[in-house]
Amino acid sequence: MPAYIFSFHNTCYMCTFFSLFSMYGVTKHYGTPTNPCVPDRVPGGSSSGSAVAVAAKLVDFSLGTDTGASVRVPASYCGILGFRPSLGAVSTVGVLPMSQSYDTVVSHLGWFARDPMILNRVGRVLLHLPDVDPIKPSQIIIAEDCFRLSTIPSDRTAQVLVKSIEKLFGAQCVKHVILGDHVKDKVPSLQHFMDKGNEDQEDDIPSLAALSSAMRLLQRYEFKNYHAKWVTKVNPDFGPGISERIWDAIKATGENIDFCHSVRTELRAALTALLGDHGILALPTTPGEPPKVQANPATSDIFFSRPFSLLSVAGSSGFCQVSIPLGRYDNVPLAISLVAKHGSDAFLLNLVETLYDTLQETI
């Protein structure tokens, strides 16, 4: 059996504790790891060091964490593979939680690799998955509105995936959906989080923005329950931007928390029905390119809020998600994400391995 090199690395602050508060990988205490693909851009966080080590070819794979986005965003920004498993796929016994409803296993585990075969093998070890033959996807559903939200032309993302799927599995596998409309219709509890003034904005998907709001509210509330005593007693030296968000979390109330849990239950049912057995949902990992390292902090909320509209789909449903690199556009790494229903980790890992070479040839 071949041997693989792996490693553990510093992450942004206390890792996934603050993925809710910083998705850039920027830290004032240890310095920001250099993104090997684009040194003037942030590497993504919070598992920045782990992603950078893989992207720089220092290791074959590495472990990260993902409560909010901490594997998927660094994978996208650094041009590598990143896998977030189904919620509860690995026990969290003995782990200090950030947000119990969203933490995904062993310090909210996820992992990075450059090679899809290694990504698959690591997953099988960590998740105790048996070796099974790949299964042809029943449908690949393209979230049209999510790709329109992206600043990257769809011919460099969605169309690359569609051509690859048609080549491997036939055109009949490709379906299309307006995901925002589906979520709005099937997740009625989202009405409590809808911003009525933004329903007609073209640069947002109102129902997914509401989903993001519900997810972040619940995460902040659970963070407060677990860590408010420590934060208020120690008053740690957090960096700019992060400090403000953490203190906002400390002030969170329990208003609408029951609706947050209802949203998660309704969303999982809605997406399970949409995908059926062995279906896949495709959407951008993030809606745009990684911000520059020295970006104006005043603009950071733009980069912070919009990605969560996409990232909250798997985050709130507990579904597994993989971010797959698609080369570069204007010299910046591109990525696309595939989402499979809860418990379909082996199926998704096998699909990535099957699909990867064709995707790279189609770019």
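1. The structure, a predicted model, holds two cavities of 30 Å³ or more. The points below take the cavities in turn and then the backbone.

2. The largest cavity has a volume of about 120 Å³. Its lining is made up of 14 residues, and those nearest the centre are Ile152, Thr286, Gly288, Leu334 and Ala335. Strand 9 (residues 332-340) gives the largest share of this lining, with four residues. Sorted by class, the lining of the largest cavity has eight nonpolar, five polar and one charged residues.

3. The second largest cavity has a volume of about 30 Å³. Leu275, Gly276, His278, Gly279, Ala340, Lys341, Ser344 and Phe347 line this cavity. By class, that lining has three nonpolar, four polar and one charged residues.

4. Turning to the backbone, most residues other than glycine have a negative phi, and most peptide bonds are trans. Gly45 and Ser46 are joined by a cis peptide bond, with omega about 10 degrees. Ser46 is in the loop between strand 1 (6-7) and helix 1 (48-55).

5. His128 is not a glycine, yet its phi is positive, near 55 degrees. The residue sits in the loop between helix 3 (116-126) and strand 5 (139-143). His128 counts as exposed because its relative accessibility is 70%, and exposed means over 50%.

6. Asn256, also a residue other than glycine, has a positive phi of about 70 degrees. Asn256 is found in the loop between helix 8 (242-250) and helix 9 (257-275). With a relative accessible area of 24%, Asn256 is partly exposed.

Note on methods
Residues are numbered from 1 along each chain as its sequence is written. This is a predicted model: local features need pLDDT of at least 70, side-chain atom pairs count only at pLDDT 80 or more; totals for chains, interfaces and linings use all residues. Side-chain values use heavy atoms; hydrogens and water are left out. On a 1 Å grid over the protein atoms alone, a cavity is a set of points where a 1.4 Å probe fits but cannot get out, and a pocket is an open set with protein on both sides within 12 Å along at least five of seven lines; lining residues have an atom within 4 Å of a point. Grid points are joined across faces, edges and corners, and a volume is the space filled by probe spheres set on the points. Helices (H or I, at least four residues) and strands (E, at least two) are DSSP runs, numbered from the N terminus. Ala, Val, Leu, Ile, Met, Phe, Trp, Tyr, Cys and Pro count as nonpolar, Asp, Glu, Lys and Arg as charged, and the others, Gly among them, as polar. Buried means under 20% relative accessible area, exposed over 50%, partly exposed in between (1.4 Å probe, protein chains only).
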